[in-house]
Amino acid sequence: MPKGCLVITVSGLAGSGTTTLCRNLARHYGFKHIYAGLIFRQMAEEMGMTLQEFQKYAELHPEIDREVDRRQVEAANECNVVIEGRLAGWMVKNADLKIWLGAPMMERAKRVAQREGISVEEAYIQIAEREKQNRKRYLNLYGIDIEDKSIYDLIINTAKWGPDGVFAIVKAAIDHLYPDGDAGSNKN
């Protein structure tokens, strides 16, 4: 493992494998795992809403996104943390490594369907609607186009590799992040 204090962000759309990767990184490296999606889900539960209801509520209440994002940025002040969230790479500007995980929509729908115990068709529709709402909200709230991947250091199509393969790719990137071996010396 590289020396120093690492802050890594992992972003991707529903079903792309971000949570699996982050759990593997946390377990392997002893990183703390900050999960924006879990924060969002907890807030929905606190409000007594389904995820879909809370998603629509959040569109009209920008303080929801700002609170989730504030917690992500705050977490980046810690050492050896992996921060997971669709906007994590945008919010944590000085992260040592920004990763985007992607996969074709149908593959992601299959994964979400299996995880949530729903049909692939239902998952596909939910994902499509959620992504449309999220894109609009991120543009309105921050001026961020979630489809712009130019800020990421590493982009992986998770349909080509299973969880172990994705982890191996990211592990290689982390282990070779700073050629001088001092991961903490290169922060901007």
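C79 is partly exposed, at 48% relative accessibility, while C5 is buried at 17%; here buried means under 20% relative accessible area, exposed over 50%, and partly exposed in between, using a 1.4 Å probe and protein chains only. Keep in mind that this is a predicted model, where local features need pLDDT of at least 70 and side-chain atom pairs count only at pLDDT 80 or more, while totals for chains, interfaces and linings use all residues. Residues are numbered from 1 along each chain as its sequence is written, and side-chain values use heavy atoms, leaving out hydrogens and water.

What joins C5 to C79? A disulfide does, with an S to S distance of 2.2 Å; the term covers a pair of cysteine sulfur atoms within 2.5 Å. C5 sits in the segment before β1 (7-12) and C79 in the loop between α4 (62-75) and β3 (81-84), so the bond ties together parts 74 residues apart in sequence. Helices (H or I, at least four residues) and strands (E, at least two) are DSSP runs, numbered from the N terminus.

And C22? Its sulfur is 16 Å from the closest cysteine sulfur, that of C5, which is too far for a bond. C22 is buried, at 0% relative accessibility.

Now look for the open sheet, whose five strands follow the order β2-β3-β1-β4-β5 with parallel pairing; two strands pair if DSSP finds at least two bridges between them. β2 (32-35) and β5 (154-157) stand at the edges with a single partner strand each, so one side of each has no neighbour in the sheet. Between β4 (residues 97-102) and β5 there are four bridges, and G102 has N157 in β5 as its bridge partner.
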